[in-house]
Amino acid sequence: MEFEVTKKTPLYNALSEQGKRIYLPQGIFHWSGRAKKEAEISGTLGSAFGYEKDFIEGGSSEWLPLYLEDIKNFTKLSIKEIVPYSQVSGLEELKTHWKKWLIKKSLYNKDFELDKLNRLENFTTTPLVTSGLTNGIFLCCSLLLNPEEFIISPNKRWGNYDNIIEKLLGAKIKSFDFFIEEKFNIQGLKDAIYEIAKNQEKITLILGFPNNPTGYVPSKDEMEELVYMLKQSQKDLSKPIFVLVDDAYEPYIFSDNAIKRSIFYALHEIEEDVIPIKLDGITKEMLLYGGRIGFITVGLKPQWVNSEEELIALKTELTNKLSGLVRTTISNSNHFYQALVIKLFKDVGMEGLIQKRDKVTNLLKKRYEKINQELRKIDNSNISVDPNAGGFFVFVNLNPNKISANQFADHLLRKYKVGVIPIEKHNNNINGIRIAYCSIDLTKIPEFVKRFNLALNDY
Ligand SMILES: Cc1ncc(COP(=O)(O)O)c(C=O)c1O
C-alpha cells in the first residue's frame, strides 16, 4: 500500500518512523480471500477445521473449527462465535455497532443537527478493535511518537501513560500542572504546546475526562476555552495538534456543571488541524474489565480530501496502518468478548444498555456525592480536594511540606486499616491520595472519611 492520500494530509509527516514503516501486508489475507471465492478445495486457513462428527461424538456434519467439547458447557455462544480468529481490525459487525454507539454518544440531535451527524459519520474512521484501551494507547503512541519525542499530558494522569510512553517507547511526557485555582490550567497547557512546538513539527496531547486520578471533567465554559485555545494555537503555529482522547470513563459524569460528552466531538467539529483520536472501550463503559476490547477512531477533516474516493482511500490506509500495528503485537483481539458485545447490542439494544447501566451510574453518583460531602466537612489546611465531576476517583492533595503521600498511605493502612493509592512525584508537583470511591459501598464512606481525617490529625 502506498498511502497516497495519507501523504497529502498532515497525518503522514506526523507519523513516527515506525508509524511510517508499518503496514498490513496483504500476503495471507490476499490468498485466503481469493481462495474463498475461487478455490474448490482450500488449504489457506491457519486454523484447524473439520466435520464436527469426526471429532465430537454425536456431532453434526457441519464444517467447524476443531474444538474441545467441554467449552460448550460454559457458554451459549456458538462455536463459530468463539473459536476462530477475529479479523485483525476486529469483527465487522462489532465495528458497525460501535460506530453507531459513538454517534449516539455524541448526543447530536438528528432533527436539528443533521449536518453535524453526517460529518461525524463520514469523517471518522471505522473504529478499530484493540485489546482494551491500554493497547489502543500503546498503538496510537507507537504510531505517532519517535523515541525522545514529546507528548503533553496533565501532571495528574493515569500512571500507565508513563510506563507506555517513557519506559516502553522511550518517548517523553511534557507535564503541566493540571489545575490553577481549582480550574483547568489552560494557560499551562498552552505554554507546554508552544514550548514543544519550538522543536517538533507536530504536537501530541493525551487528555481524557473524567480524568484518572482526579475525576475532573471540564465545565462548558472551560471546554469552550480549551477548544478555542487549541484552535488558535494550531492556526498560529501552523502545526497539527493531535489529541489522544482517553475516554475510558466517558459515561460516568455526575455533576450538572460538567460537559456531558467526550471532548472528541467538539474537537472533531472544528476546521483546524486539531486532530482527535478517540480511545474508548467496553472496560468501564460496559463494565467488562476483563473483556479486553477497546476501540480507536480517528477524526478526519473534510479539507484533507477532494472526493468521496479519496475519503474512502484515506480511511482504508489508516486502518491498514493501525492493523499493521495490531498484527505485529497482539495479532487480533479476543473473539469471545467481541461476540458477547455484539449480542448485547443486538439483544439488549443501545437504549436497553443505557437503561441497565443507569442503575450502576446512579449508585456511583450517590457515592460521588457522599464522598465529596464528607470530604468537605474536613477542616484541615493541609489538604485540598481537586475539582471532580465524575469517573471513579477523587484526589486529595496533601501539603508536601508537612505530609508525604506515601508515608500517609502507609500510616492510614497500618493504623486505621484504610487502603488508598498515594501519588508522590515532587518533580511533577504531585503529593496526594487517590480515593477509588467506585469500590467503597455508600454506607462505608462516612467511616472511610472519618478514619482518613483521624490519620490527618496525627500529623
Ligand atoms: C484513564 C485510563 N485509561 C485507560 C485505562 C485502561 O483501560 P483498559 O483496561 O481498557 O486497558 C484506564 C484503566 O484504569 C484508565 O484509568
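Colleague: Domain bounds come from an automatic or database domain assignment. Which domains is the chain divided into?

Modeller: The chain has domain 1 (92-345) and domain 2 (356-457). This is a predicted model, where local features need pLDDT of at least 70 and side-chain atom pairs count only at pLDDT 80 or more, while totals for chains, interfaces and linings use all residues. Residues are numbered from 1 along each chain as its sequence is written.

Colleague: How far apart are the C-alpha centres of the two domains?

Modeller: The C-alpha centres of domain 1 and domain 2 are 28 Å apart. Their contact (C-beta atoms, placed from the backbone, within 7 Å) takes 23 residues from domain 1 and 21 residues from domain 2.

Colleague: What kinds of residues are on the domain 1 side?

Modeller: The side of domain 1 that touches domain 2 has 12 nonpolar, eight polar and three charged residues. Nonpolar means Ala, Val, Leu, Ile, Met, Phe, Trp, Tyr, Cys and Pro; charged means Asp, Glu, Lys and Arg; the others, Gly among them, are polar.

Colleague: New topic. Which residues are around the ligand?

Modeller: Among them are Gly-132, Leu-133, Thr-134, Trp-158 and Asp-246. The shell around the ligand divides into three nonpolar, seven polar and one charged residue.

Colleague: Which helix gives the largest share of that shell?

Modeller: Helix α8 (residues 132-144) does, with three residues. Helices are DSSP runs (H or I, at least four residues), numbered from the N terminus.

Colleague: And what is Cys-141 in contact with?

Modeller: Leaving aside its neighbours within four places in sequence, Cys-141 is in contact with Ile-151, Ile-164, Ile-165, Leu-169 and Ala-171.

Technical notes. Near = placed C-beta within 6 Å. Helix = DSSP H or I, 4+ residues; strand = E, 2+ residues; numbered from the N terminus. Contact = placed C-beta atoms within 7 Å.
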